Amino acid sequence: MVVSKKLAMPVQETDHTAYKRSFYIEGGNFNYAGIVSTSIKSILKQMDFSGDVIRKCAIVCYESEINVVSYARKGVVNLMIDPDTIKIEVVDEGPGIPNIEQAMQQGYSTADQKIREMGFGAGMGLHNIKSYSDAFIISSELGKGTRLLMTINIKQ
Amino acid sequence: MNLETIVKELGLEVRCASESLKNNVTGGYTGDLLSDVMANSHEGNIWITRQVHQNVVAVASLKEHAGIILINSCEPTPDTLAKASQEKIPIMVSNLHAFEITGKIYNLLEKKD
């Protein structure tokens, strides 16, 4: 895992990127929470990736999506597929994370009561993202936002 | 074992997607924390929960659960029902609490093996 306190530049498409698609997430709107993850999962299924790869992508994508809905004003998910890896980049415009090391700890959460009542905000999200990614980069800047880059290896 | 058998044996009330009651049940997972269910449940599981809001449908759909059982006679919200019907995920209601319904389903699945 790589942690950075400056918001990193968005990942660039390379000559090897065979597929790229972006999705928009509206902050604060739980009515559509999960819709991006569901779309990405269905794309990966159509492309016939293994169940294990799809499962990992679905978990990291869903947790990131819920974080944007819970804490940010808006966000973008970029799905990039190259011959060896699937990259899921989630960039949000929001308050940023004051202490990334603390936010990564299982059980730590700043979620309000409303979010917790729905069964979110248990302090498991970032921890799950790290556990189910083959590589994970997180950067955040206060007052600007947070960027996550999760890489899943196609050959598990 | 399919959902239909579990529904009959335990007297569950089916609220939507009855066309999917032939879904095979591979096991179960009990929990109200969505991240926990997301990380630890498996495809084909029956999910036992107290959460009634529409976000349960996204989790069940992403994890390809066989169905969702709401405990303590809790009813799904109208938008939960609409989404679950659209995704063809059966939602069933039990008047039992989580410990009891989980134990009964566990015993049913064990007996079958």
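This is a predicted model: local features need pLDDT of at least 70, side-chain atom pairs count only at pLDDT 80 or more; totals for chains, interfaces and linings use all residues.
Let us start with chain A. Its secondary structure comes to five helices and six strands, and reading along the sequence gives the pattern β-β-α-α-β-β-α-α-α-β-β. The C-alpha trace of chain A spans about 40 × 30 × 25 Å along its principal axes. A compact globule with 156 residues would have a radius of gyration near 15 Å, and the 15 Å of chain A agrees with that. Of the 156 residues in chain A, 41% count as buried. Among chain A contacts between residues at least 6 apart in sequence, 68% join residues at least 24 apart.

Chain B has five helices and five strands, arranged along the sequence as α-β-β-α-β-α-β-α-β-α. Its radius of gyration is 12 Å, close to the 13 Å that the globule rule gives for 113 residues, so chain B is as compact as a globular protein of that length. Taken along the principal axes, the C-alpha atoms of chain B fill a box of roughly 35 × 25 × 25 Å. Here 42% of the 113 residues count as buried. Of the contacts in chain B with a separation of 6 or more, 50% are accounted for by residues 24 or more positions apart.

## The sheet of chain A

Six strands of chain A make an open sheet with mixed pairing, in the order E1-E5-E6-E4-E3-E2. At its edges are strand E1 (2-4) and strand E2 (19-26) of chain A, each of which pairs on one side only. On average, neighbouring strands of this sheet are turned by 10° against each other, direction ignored.

Within the sheet, strand E5 (residues 135-141) and strand E6 (residues 145-153) of chain A pair in the antiparallel sense over seven bridges. For one of the paired residues, Glu141(A), the bridge partner in E6(A) is Gly145(A).

## A helix with a buried face

Now for helix H5 (residues 125-132) of chain A. Its buried residues are Gly125(A), Leu126(A), Asn128(A), Ile129(A) and Tyr132(A). Seen down the axis of H5(A), these buried residues fall within an arc of 160°, so they line one face of the helix.

What do the buried residues of H5(A) pack against? Within chain A, the partners are helix H2 (51-71), helix H3 (100-104), E5 and E6. H2 of chain B joins them, too.

## The sheet of chain B

Chain B has an open sheet of five strands in the order E1-E5-E4-E3-E2, with mixed pairing. Strand E1 (13-16) and strand E2 (27-30) of chain B stand at the edges with a single partner strand each, so one side of each has no neighbour in the sheet. The twist from one strand to the next averages 25°.

This is where the opening pair belongs.

Elsewhere, helix H4 (residues 78-87) of chain B lies across E1 and strand E5 (91-93) of chain B, running at about 85° to E1(B).

## Where the chains meet

How many residues of chain B are in contact with chain A? There are 14, and they touch 18 residues of chain A. On the chain B side, the elements that give two or more residues are helix H2 (34-40) and helix H3 (55-62). H2(B) provides the largest share, five residues. By class, the side of chain B that touches chain A has six nonpolar, six polar and two charged residues.

Notes:
Residues are numbered from 1 along each chain as its sequence is written. Chains are lettered from A and ligands numbered from 1 in the order in which they are written. Two strands pair if DSSP finds at least two bridges between them. Helices (H or I, at least four residues) and strands (E, at least two) are DSSP runs, numbered from the N terminus. Axes are lines fitted to C-alpha atoms, for helices over the stretch in contact, and angles run from 0 to 180 degrees between N-to-C directions. Two residues are in contact if their C-beta atoms, placed from the backbone, lie within 7 Å. Ala, Val, Leu, Ile, Met, Phe, Trp, Tyr, Cys and Pro count as nonpolar, Asp, Glu, Lys and Arg as charged, and the others, Gly among them, as polar. The radius of gyration is taken over C-alpha atoms; the globule rule is 2.2 Å times the number of residues to the power 0.38. A residue is buried if 20 or more other C-beta atoms lie within 10 Å of its own, exposed if 12 or fewer, and partly exposed in between; C-beta atoms are placed from the backbone. The arc is that of the directions from the helix axis to the C-beta atoms.
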